[in-house]
Amino acid sequence: MDFHGCNCKNVTITEGIFGEIWTDNKDEIFIDPIPKTIKSYTLVNSNRMEVVLITWGATIVSLKCPDKYGHSADVVLGFDDMTGYSNFITNPFIGSILGRCANRIKDGHITIRGKDYELTKNDFNGKHHLHGGINGFGRKVWDSYITGCSVVMSYLSPDGEEGYPGAVLTTVRFKLTSDNKFDICMRATTSKPTIVNLSHGSMFNLAGHDAGESELRKHKILLNCDRWTFADYTDPVPTGAIRGVGGTVMDFRIPRILGEYMNKVPPGEGYDHNLCVTKDGQSGTSFVAKIWHMKSGRALEIYSDQRGVQLYTGGRLPPLIIPEFVSTYDLLDNIGEGEGENYESDDGEEGMETTERYKKVTAIPKKIKFFSGKHGARYKKYCAFSIQPQNYPNAIHYVSIR
């Protein structure tokens, strides 16, 4: 990574401790009984923009920015402590790195150089692989250090983690500049042929992280995308077909109010779709998206060197919760007494046993109305959006690695 020419006089970085977490590394012969420390880094520039990072999942905990009246607000979803971040049910990927492979892989199955690999299936009722699996990059403790005006975090993923072949060393550089640009640079090196598709899962509401659905729907969005990777509404994984956005609810080539289109996306759950960035033959970083919140005056611009971008409007928030104390979906329900077998006691008396009868029932996952976020905020469905630059999802099934 090249840090030459950086100007740190208008940016300060403060290192701290966010919390601790116990990890269970089954690959280690001796498990260290001491919990791992989660570091925090607070980056502040002269414009009062503030970003807080932690080494759990290379996560953005908060991003504060003044509105047009000078009032500052935190505009990303997050949690107050490690209790919130380590809960894999209510926090699968919020604010963290998405990897080793962001987005979905159909059936959790990949083939590389003629060899099949089965990945963890953690999406769509256990059918597909999502964002690197149950314990992907967003649920790991990253190494970190400060260099110049940047924070660098790294993680070594061992061969076979979540089913992937090859060890992968990933390095992420976070840099805040004096003109309110927040740069996230990701690089990865692997020991053998594998797949890597990195992104970041920050969820925004430019009115404030606790502003809710009503303010999210007022956002105006512009996407530099003329096509999208088609996915049937019955299954979120793209089919391999690429279609034009013209005349569809995927067309944001001119700015549109988000709330006017979210309900029109089949089956009425908002956006969770990948669009194709218009490159026009150019390489390197290009403009991807711009989102405005007119009332506050805040705007977010996204630039990336990736071919695709996932637009998500929080339709799966909060997640489905399996009823407490249920280890599997199958339960037994007592439906009363029934006749059993004849018996003869030791004293010669005959009789008949009564037996309890049961039937198999299925525990249905319940949808909770909200989950608790920072400072007592209640995060509900459609409370925030995410713009995730990345390669096309499920691309491994359409591009072979030889």
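**View 1. Asn103, Arg104, Thr229, Ala231, Pro236, Pro238, Asp272, His273, Asn274, Gln310 and Pro393 line the largest cavity.** Keep in mind that this is a predicted model. The space inside this largest cavity comes to about 60 Å³. Sort the lining residues by type and you get four nonpolar, five polar and two charged. Which strand gives the most to the lining? That would be β20 (residues 272-277), which puts in three residues. If you go looking for others, the structure holds three cavities of 30 Å³ or more.

**View 2. Here's Asp251, sitting in the loop between β18 (242-244) and β19 (256-257).** Is Asp251 buried or exposed? Its relative accessibility is 9%, and buried means under 20%, so Asp251 counts as buried. Its side chain makes a polar contact with the side chain of Arg253, at 2.9 Å. Now skip the neighbours within four places in sequence: Asp251 is then in contact with Val245, Gly246 and Arg256.

**View 3. Four strands line up as an open sheet, in the order β19-β16-β21-β22.** The pairing here is antiparallel. What stands at the edges? You'll find β19 at one and β22 (298-304) at the other, each with a single partner strand, so one side of each has no neighbour in the sheet.

**View 4. Zoom in on β21 (residues 286-293) and its partner β22.** These two strands run antiparallel, and seven bridges join them.

Conventions:
Residues numbered from 1 in each chain as written. Predicted model: local features only at pLDDT ≥ 70, side-chain atom pairs only at ≥ 80, totals over all residues. Heavy atoms only, no water. 1 Å grid on protein atoms, 1.4 Å probe; cavity = no way out; pocket = protein on both sides within 12 Å on 5 of 7 lines; lining within 4 Å. Points joined across faces, edges and corners; volume = space filled by probe spheres on them. Nonpolar A, V, L, I, M, F, W, Y, C, P; charged D, E, K, R; others polar. Buried < 20%, exposed > 50% of the residue type's maximum accessible area, 1.4 Å probe, protein only. Polar contact = N/O pair within 3.5 Å; in protein donor to acceptor, adjacent residues only side chain to side chain. Contact = heavy atoms within 4.5 Å. Pairing = 2+ DSSP bridges.
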